[in-house]
Amino acid sequence: MDDAPPYPPIEPTSFDLIVIGTGLPQSVIAAAASSAGKSVLHLDNNSFYGGHFSSLNLEEFSSFLTSQSTIYSSQPNPPPSAAAVDAVDHVALDLRTRPMYSDVEITSHCSDLLEHSRKFNLDVSGPRVLFCADAAVNLMLKSGASQYLEFKGIDASFVCDADGQFSTVPDSRAAIFKDRTLSLTEKNQLMRFFKLVQGHLAASDEAENDADGRISEEDLESPFVEFLNKMRLPPKIKSYRSHRPFLSICIVLYAIAMADYDQDDIEVCKDILNTKNGIDRLALYHSSVGRFTNALGALIYPIYGQGELPQAFCRRAAVKGCLYVLRMPVIALLMEKESGHWKGVRLASGQDIFSQKLLADPSFVVSVPVAPSQLDCLPESPQVINQVDAKQKVVRGVCIMKNSLKPDVTNFVFVYPPRSLYPEQVMVIRAIQIGSNLAVCPSGMFVLYLSTLCNDATQGKELLQAAIKSLFTLPVSGIPENSSSVDNEMEEAKPTLLWSALYTQELATGSYESINSTSMPDGNLNYNVLLDATVKLFHQMYPQEELFPEMASPENFEDDDGLSP
């Protein structure tokens with residue numbers, strides 16, 4: 001084929017760093033490297049920024065999930081490209097993209113919803129929120145990316161049960177005092193617990209060796225659930241109107257400290273939360289409350305969706321000289337024949353670009369050459385050819401409805417603790433409802449995101465389906481207006497599901513030795529773990545460089561809807 005490439009040749013043809021994919025980790029490192037004076041080429045085969053961290057309209061969202069679940073060839077060693085061996089000093093190894101999504105189920109119960117497709121901004125990696133005091137916010141302030149973002153506060157936090165009923169999370173002294181479901185004794189017990197936590201944190205900050213007011217080292221190393229039992233927190237918070245029991249320990253563990261697994265069952269729990277980490281998570285939650293003038297709670301969400309975060313770092317990188325090229329697939333890696341080290345990439349346009357370093361997301365797989373002429377050219381152990389490490393999975397769900405799950409609240413997070421839906425449930429479900437005031441959907445509609453970790457996709461999807469069944473009235477014969485099957489007032493009060501998507505995402509990290517690889521979106525509600533790994537990766541790539549050396553003052557970025565300390 002003699003088709004002309006969609007872009008003119010890229011100049012220059014050599015860079016300090018080439019980044020493939022515009023996901024959040026890649027965009028942060030591209031911005032940091034550009035700020036450190038490195039020449040950076042940032043490529044993406046998509047027509048939009050964000051990749052697996054993007055926010056897309058309804059049609060793009062469905063198309064992205066479908067394409068990303070079918071692009072992998074089952075052929076283990078595909079034939080190399082025609083121009084694979086065309087240079088004296090290097091060989092081109094085909095680069096493939098493996099599917100990071102599977103079991104995609106998209107269901108529409110509203111025929112005219114696609115007419116409003118462009119008014120949606122659906123998060124591929126939802127549910128996600130940011131704590132006002134977490135690492136992501138601090139990084140945005142330090143880098144200057146915050147000037148390209150606007151946020152609004154999340155209104156409330158709840159715990160949900162199998163009947164789709166919500167109970168408020170008493171996450172502060174004020175919330176405890178206002179909670180009418182707590183007796184005076186229970187309020188005093190919870191108050192004493194939070195006072196103990198605050199005293200421990202204050203003592204740790206003031207005097208490292210001062211034991212007064214601090215929790216003992218023995219307790220800090222013990223499971224957090226044991227420490228909570230030791231503190232004699234209220235055994236249960238009961239709503240007498242519906243006779244629904246809620247463990248206060250459960251609220252602290254899963255709605256505030258954000259534990260993922262059933263902490264009471266050590267045999268099935270893959271991640272026992274110790275007291276030290278539990279206290280640190282409580283500290284993050286409480287230090288986030290009231291940090292910004294436009295967000296009175298602990299949590300914030302970006303206007304137009306989470307996909308704005310990678311775009312903000314890309315804009316910051318562009319200001320520092322990073323070159324961006326979208327709709328440009330990378331089809332091969334260039335590897336030195338003698339050393340086995342990589343030296344560049346081959347673009348779909350046919351152009352070869354050279355660089356000292358490469359950064360890519362873990363969906364890329366380097367094909368091992370099979371032609372004898374190529375095998376003769378390679379060293380015995382080419383360092384760039386390794387497998388991608390995919391261990392656990394996360395099942396995500398997106399739902400669209402016309403009514404809020406709670407009539408008096410627009411934007412809120414909630415959690416289904418272990419065993420809240422059925423006795424065998426060992427994983428937490430995290431969820432967030434977002435309304436049109438955050439520009440993610442048309443006026444009068446709402447978007448719900450859900451996720452749960454799992455080892456088996458079927459088990460994870462069954463768990464999310466149980467949650468969806470508890471929250472929604474499912475339409476009859478695809479007609480939302482038809483509610484003739486509704487038999488009781490509780491069902492009639494539930495919103496009708498208009499559209500839904502369920503899909504399984506791999507939790508993968510790259511294992512290449514000479515190619516730097518970022519991580520897929522994890523199963524956490526915030527970005528702290530992901531960004532910690534991203535910062536460590538930057539320092540591994542550039543051990544002599546400081547991350548965003550020009551410290552940006554938060555006061556420079558105050559805005560009514562931005563981050564305003």
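Accessible areas here come from the Shrake-Rupley method with a 1.4 Å probe, and for residues only the protein chains shown count as cover. By that method, the accessible surface of the chain comes to about 24500 Å², and 48% of it belongs to carbon and sulfur atoms. This is a predicted model, in which local features need pLDDT of at least 70, side-chain atom pairs count only at pLDDT 80 or more, and totals for chains, interfaces and linings use all residues. Residues are numbered from 1 along each chain as its sequence is written, and side-chain values use heavy atoms, with hydrogens and water left out.

**Overview and confidence**

- The chain has 565 residues, and 56% of them are buried (under 20% relative accessible area, with exposed meaning over 50% and partly exposed in between, for a 1.4 Å probe and protein chains only).
- Its secondary structure comes to 14 helices and 24 strands; these are DSSP runs numbered from the N terminus, with helices being H or I of at least four residues and strands E of at least two.
- Of the contacts (heavy atoms within 4.5 Å) between residues at least 6 apart in sequence, 74% join residues at least 24 apart.
- The average pLDDT, the predictor's confidence in each residue from 0 to 100, is 83 for the chain, and 80% of the residues score at least 70.
- Residues 73-85 stay under 50 in pLDDT, and residues 480-490 are also below 50.
- Where pLDDT is low, the predicted coordinates should not be read in detail.

**The nonpolar cores**

- A nonpolar core is a set of buried Ala, Val, Leu, Ile, Met, Phe, Trp, Tyr and Cys residues joined through side-chain atoms within 4.5 Å.
- The largest one has 71 residues, and Phe61, Phe120, Leu122, Phe193, Phe224 and Trp499 have the most contacts inside it.
- Helix H8 (residues 248-256) gives the most to this core, with 8 residues.
- Another core, of 41 residues, lies apart from it and includes Ala30, Val40, Val137 and Cys322.
- Leaving out residues up to four places away in sequence, Phe224 touches residues including Phe193, Val252, Leu253 and Ile279.

**A three-stranded sheet**

- Strands pair if DSSP finds at least two bridges between them.
- An open sheet of 3 strands runs in the order S7-S13-S8, with antiparallel pairing.
- Strands S7 (130-131) and S8 (151-153) each have a single partner strand, so one side of each is left without a neighbour in the sheet.
- S7 pairs with strand S13 (residues 299-302) over 2 bridges, and Phe131 has Leu299 in S13 as its bridge partner.

**Salt bridges**

- The structure holds 11 salt bridges, each a side-chain nitrogen of Lys or Arg within 4 Å of a carboxyl oxygen of Asp or Glu.
- In one of them, the closest N and O atoms of Asp89 and Lys343 are 2.7 Å apart.
- Asp89 lies in the loop between helix H2 (58-68) and strand S4 (90-97) and Lys343 in strand S16 (residues 342-347), so this pair ties together parts 254 residues apart in sequence.
- Asp89 is partly exposed at 38% relative accessibility, whereas Lys343 is buried at 16%.
- Arg419 forms salt bridges with Asp262 (3.1 Å, N to O) and with Asp264 (3.4 Å between the closest N and O atoms).
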